[in-house]
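Trainee: I'm new to this structure and would like to understand the words used for it. Could you go through them with me?

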Amino acid sequence: MGVLPLVLLLGSLFLCGRVAALSSAIDVLKQDAHGFKVSFKATMTPNMVIEIPGTTERCFGPFNTNVPIPFPNVTLNSGNGYNPSMGVFTALCPGVYMFSFTTYSSVGEGGRLYHKVQLMKNGRMGVSVWENNREDAEDSATQVVVMEMQRGDQVYLELLSGRKLCTNMEYNIFTGHIVYPYTV
Ligand SMILES: *[C@@H]1O[C@H](CO)[C@@H](O)[C@H](O)[C@H]1NC(C)=O
């Protein structure tokens with residue numbers, strides 16, 4: 001193992017509250033408590049919309065490919081696992097985690113709600129919420145999921161190709177926290 005990977009490994013062991021040479025049970029407990037402090041909350045921001053030509057709709061999307069959703073407004077990021085520019089959470093500590101996301105979209109009368117947002121883990125689809133409706137013009141939905149994360153696993157939200165989230169971007173929320181870390 002090279003020096004850099006070793007440093008990174010030791011760094012992540014420390015972040016997980018696991019240090020090899022702990023001298024007392026109290027120290028172990030303190031380090032364990034440190035491992036529990038992983039949580040984040042982030043929202044989309046109003047400036048993420050663009051006006052769709054020929055309409056009055058102001059939306060994030062549609063794009064011609066699936067797009068990771070950035071949630072730039074971070075109000076909590078204990079443990080620094082959440083990267084706001086990418087909207088990606090990386091588990092530095094293996095364990096069981098809970099994630100939630102809320103999607104919101106509102107279009108004018110006669111407009112079409114058309115979104116699908118899915119939670120991705122390491123590039124694979126986890127859970128999703130969606131709407132394709134011509135009868136109402138506003139909707140929100142929330143998903144909560146508990147999942148096992150190994151060190152380095154990544155979770156983010158993706159807006160599906162062709163879909164859009166309109167109006168009040170700040171109602172779109174992404175949160176997560178550790179439920180308990182695995183011990184090594
Ligand atoms: C970020 O979120 C906070 C808390 O909800 C809010 O008060 C603030 O206005 C938001 N900032 C932006 C730029 O959206």
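Trainee: Which residues have the most contacts inside the largest nonpolar core?

Mentor: This is a predicted model, so keep that in mind throughout. In its largest nonpolar core, F60, I69, F101, L157, L159 and L165 have the most contacts, and the core has 32 residues. Strands that each supply at least two residues of this core include β1 (39-43), β3 (58-60), β8 (95-106) and β12 (154-159).

Trainee: What makes this set a nonpolar core?

Mentor: The name asks for buried residues of kinds such as Leu, Ile and Phe, joined through C-beta atoms within 7 Å. The 32 residues form such a set, so the name applies. As a general background, nonpolar side chains in soluble globular proteins tend to be buried together.

Trainee: Which residues is F60 in contact with, leaving aside its neighbours within four places in sequence?

Mentor: F60 is in contact with M44, M48, V49, L159, K164, L165 and M169. Contact here means C-beta atoms within 7 Å.

Trainee: Why is A91 called buried?

Mentor: The cut-off is 20 or more other C-beta atoms within 10 Å. A91 has 25, so A91 counts as buried. You will find A91 in the loop between β7 (88-90) and β8.

Trainee: What surrounds A91, leaving aside neighbours within four places in sequence?

Mentor: A91 is in contact with G81, Y97, M149, R151, G152 and D153. The C-alpha atoms of A91 and H177 are 9.9 Å apart, while 86 residues separate the two in sequence. For the protein chain, contacts with a separation of 6 or more are 74% between residues 24 or more positions apart. Buried residues make up 29% of the 184 residues.

Trainee: How do you know that β1 and β14 pair?

Mentor: Pairing needs at least two bridges. β1 and β14 are joined by 5 bridges, so they pair, and they run antiparallel. Within this pair, K41 stands opposite T175 in β14.

Trainee: What is the order of the strands in the open sheet of 5 strands?

Mentor: The order is β5-β1-β14-β8-β11, with antiparallel pairing. β5 (73-78) and β11 (138-149) each have a single partner strand, so they stand at the edges, with one side left without a neighbour in the sheet. From one strand to the next, the twist averages 10 degrees.

Trainee: Why are β2 and β13 called edge strands in the open sheet of 3 strands?

Mentor: That sheet has the order β2-β3-β13 and antiparallel pairing. β2 (50-51) and β13 each have a single partner strand, so one side of each lacks a neighbour in the sheet. With 2 bridges, β2 and β3 meet the requirement of at least two, so they count as paired. In β3, R58 is the bridge partner of E51.

Trainee: How many residues lie between β9 and β10 in their hairpin?

Mentor: There are 2 residues between them, and N122 in the turn has a positive phi of about 50 degrees. β9 and β10 run antiparallel and are joined by 8 bridges, and Y114 stands opposite N132 in β10.

Trainee: What is the make-up of the shell around the ligand?

Mentor: The ligand is surrounded by T43, T45, N73, T75 and E170. The shell divides into no nonpolar, 4 polar and 1 charged. Glu counts as charged, so E170 is the charged residue.

Methods: Residues numbered from 1 in each chain as written. Predicted model: local features only at pLDDT ≥ 70, side-chain atom pairs only at ≥ 80, totals over all residues. Near = placed C-beta within 6 Å. Buried ≥ 20, exposed ≤ 12 C-beta atoms within 10 Å, placed from the backbone. Helix = DSSP H or I, 4+ residues; strand = E, 2+ residues; numbered from the N terminus. Contact = placed C-beta atoms within 7 Å. Axes fitted to C-alpha atoms, helices over the stretch in contact; angles between N-to-C directions.
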